[in-house]
Amino acid sequence: MLATSARRALVAAARHASPSVVSRRAAWPAFSRNMSVEAKSLVYETRGETITISEEVATLSAPSGNQALLKFLAAPITRADYDVIHASGESSLSLDIKEVSVRFAKAQEVGVLDKIAGVVGKLPSLPAVGGIQGVAQVEEVGSGVKGLKPGDWVLPPVGAGTWRSHALMSEDDLITVPNDIPMEYAAVLGVSPCAALRMLSDFETLSAGDVIVINAANGLVGQTLVQLAAARGIQVVAVMRGRQGYEEVCPHLITRGAAVVISENWSKDAHMKSLMAELPAPKMGFDGTGGNSGAAVANLLPAGATLVKFGSASGQPFRVASEKNLQIKTFFLSEWQAKASKSDKQAMVNTLADMVRDKSLQLLLERAFFDKYKTALKKGYGMMRDRQLVMCMAEPVLPTYPADLWQLQADEVRLGMKQAAE
C-alpha cells in the first residue's frame with residue numbers, strides 16, 4: 001500500500017477545501033387525479049452551433065394502458081446534454097486505432113470516440129426536449145400498469161428528454177429508484193455511475209490490492225470509479241487535468257479512497273515515478289479524455305495491460321508506443337443498455353442507490369432550479385465545471401432523509417452538495 005505521507009504529498013496545495021451547506025429534500029405524498037395537467041418543457045427545434053432553447057407548455061391527459069404520468073423532480077445539466085443539441089449527422093460506435101511512425105519508432109495512434117454514441121446511441125427526433133437523464137415521481141398510472149404506483153421514483157430512458165415538469169411514459173421504459181436517497185443523486189445515477197460500475201466489472205477480474213489508473217477523475221465517472229474500486233480494496237491512481245477546481249476535487253478523491261491523485265502535467269515527474277514504484281504494476285487503465293491525459297494514463301500502464309476508452313473529452317487523439325502492446329478496448333453505455341435486460345438495469349441502479357444510502361458513494365453536485373432555468377442552463381454550459389449541476393423542478397416538503405446524510409464535516413467532503421449562486 002502507498003504510504004500515508006506519500007498519498008498526502010500530492011494534495012498539500014488543496015488542504016483547505018471548504019465544506020458546503022446543504023438543505024434537505026424528500027418525497028412528495030402520492031395522490032391520484034382524473035384531470036389534465038399542464039406540462040412545461042425546455043425544447044429545441046434545430047441542431048448546430050447556435051443553440052435556441054424555448055419553454056413550451058402542453059396539456060397532458062390522464063395516463064392510459066401501460067402509461068405512467070410522471071412529475072420530474074430533478075435533472076442534471078451537463079456538456080453531454082449540449083453535445084446532443086450541437087450534434088449533426090449520425091453517431092458511430094467505433095474507435096480508430098492506427099499504426100504511425102514517431103522518430104523512427106512505431107506507435108499506436110488512438111482516435112477520438114463519438115460523443116453521442118457512447119451515451120444516447122442515436123439522436124432524438126426534432127423537436128426534442130433537452131436533458132438526457134433525470135428522476136421523476138409517478139403521479140398516476142394507467143389501467144395496464146402492473147409494477148408502478150403513485151409515489152414511486154423512476155429513471156426514464158437515457159435521452160428521453162428530462163428538462164420538463166411532466167411527461168407520459170411507458171412502464172416498460174422505466175427503471176425504479178429508491179425514494180429514500182437524495183433526489184439530486186437519483187437524477188445522476190443512470191449515466192456516469194452506471195458506466196463506472198459496468199467498466200469496473202465487465203473487462204477484467206480485479207482483486208483487492210490490484211491497481212488501476214483513471215483519468216477524467218473530476219467527473220462523475222471518475223469519482224464513482226474511485227469509490228467503487230476502493231470498496232473492493234482496489235487501489236486507484238487518478239489523473240486529472242490541472243485546472244480550476246483541482247484543489248476541491250483532489251482532496252475529495254483522496255478522502256473517498258484514491259491512492260494517488262496527480263495532475264497529468266506531473267505524470268512523468270520523478271516524484272510520480274517514486275510514488276508508482278510503491279504500488280504493484282497497474283492491471284488496467286480507463287481513459288475518458290484522450291489527448292495528453294489519455295497518453296498519461298497509457299504511459300503509466302505496463303506492457304500488455306488493458307486500457308478501456310470510454311470518452312474523448314479533449315477531442316484529441318493520443319499515441320502510445322506499439323511495443324507496450326496495450327489491449328485497447330471501448331465502452332459505450334448506450335450499447336450495454338441496448339443489450340441488457342430490464343432486470344440487469346434494475347439491479348445496477350439498486351446497487352448504486354444502496355451505496356448512496358450508506359454513504360459509500362458521495363459525489364460533487366451543485367443544485368439549481370427549474371423556475372430559474374435560464375440561469376441554470378447558462379451555468380451548466382460553462383466549461384471547466386467539476387461539480388455537476390442538477391436542476392430541481394420543485395421543493396419537496398416532507399423531511400424523510402436521515403439528518404446525518406446531509407452533515408458536512410470541517411475536515412472532509414461528505415455529500416458534497418452546494419447550491420448554485422443566482
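This is a short walk through one protein chain, from its overall make-up to a few local details.

Hi everyone, and thanks for coming. Before anything else, please keep in mind that this is a predicted model.

Let me start with the whole chain. It holds 11 helices and 20 strands. Of its 422 residues, 55% count as buried. If you take the contacts with a sequence separation of 6 or more, 74% of them come from residues 24 or more positions apart.

Now to the strands. There is an open sheet of three strands in the order S2-S1-S6, and the pairing is antiparallel. Which strands sit at the edges, pairing on one side only? Those are S2, residues 54-60, and S6, residues 128-129. Between S1, which covers residues 37-44, and S2 there are seven bridges, again in the antiparallel sense.

Next, a hairpin. Strand S4, residues 97-102, runs antiparallel to strand S5, residues 105-110, and six bridges join them. Val102 stands opposite Ala105 in S5. Two residues lie between the strands of this hairpin, and Arg103 takes a positive phi near 55° there.

That brings me to backbone geometry. Most residues other than glycine have a negative phi, and most peptide bonds are trans. So where else does this chain depart from that pattern? One place is Ala216, a residue other than glycine with a positive phi near 55°. You will find Ala216 in the loop between strand S11, residues 211-214, and helix H5, residues 220-231. Is Ala216 buried or exposed? With a relative accessible area of 18%, Ala216 is buried, because the cut-off for that class is under 20%.

Lys359 is another such residue: it is not a glycine, yet its phi is positive, about 65°. Lys359 sits in the loop between H10 and strand S18, residues 365-369. As for the peptide bonds, have a look at the one joining Leu126 and Pro127, which is cis, with omega about -10°. Pro127 belongs to the loop between S5 and S6.

Let me move on to helix packing, and I have two examples. On the H2 side the contact involves Arg79, Tyr82 and His86, and on the H11 side Leu377, Gly380 and Tyr381. By class, the residues of this contact are three nonpolar, two polar and one charged.

The second example is H4 with H10. Helix H4, residues 192-202, is mostly covered, with nine of its 11 residues buried. Among the buried ones are Cys194, Leu197 and Arg198. What angle do the axes of H4 and H10 make where they cross? They cross at roughly 105° and come within 10 Å. The two helices are therefore roughly perpendicular to each other. H4 brings Pro193, Cys194, Leu197 and Arg198 to the contact, while H10 brings Met348, Val349, Thr351 and Leu352. Sorted by class, that gives six nonpolar, one polar and one charged residues.

Let me stay with Thr351 for a moment. Thr351 is found in helix H10, which spans residues 342-357. How far apart in sequence are Thr351 and Cys194? They are 157 residues apart along the chain, and 9.6 Å apart in space, C-alpha to C-alpha. Thr351 has a relative accessible area of 36%, so it counts as partly exposed.

One last stop, and it is a side-chain pair. Gln137 is found in strand S7, residues 135-141. Its relative accessibility is 1%, so Gln137 counts as buried. Which side chain does the side chain of Gln137 join through a polar contact? That is Trp153, and the contact is 3.3 Å.

That is my tour, and I am happy to take questions.

Definitions and conventions. Residues are numbered from 1 along each chain as its sequence is written. This is a predicted model: local features need pLDDT of at least 70, side-chain atom pairs count only at pLDDT 80 or more; totals for chains, interfaces and linings use all residues. Side-chain values use heavy atoms; hydrogens and water are left out. Helices (H or I, at least four residues) and strands (E, at least two) are DSSP runs, numbered from the N terminus. Buried means under 20% relative accessible area, exposed over 50%, partly exposed in between (1.4 Å probe, protein chains only). A polar contact is a pair of N or O atoms within 3.5 Å; within protein, one must be able to donate a hydrogen and the other to accept it, and residues adjacent in sequence count only if both atoms are side-chain atoms. Two strands pair if DSSP finds at least two bridges between them. Contact means heavy atoms within 4.5 Å. Ala, Val, Leu, Ile, Met, Phe, Trp, Tyr, Cys and Pro count as nonpolar, Asp, Glu, Lys and Arg as charged, and the others, Gly among them, as polar. Axes are lines fitted to C-alpha atoms, for helices over the stretch in contact, and angles run from 0 to 180 degrees between N-to-C directions. Angles under 35 degrees count as roughly parallel, over 145 as roughly antiparallel, 65 to 115 as roughly perpendicular and the rest as oblique.
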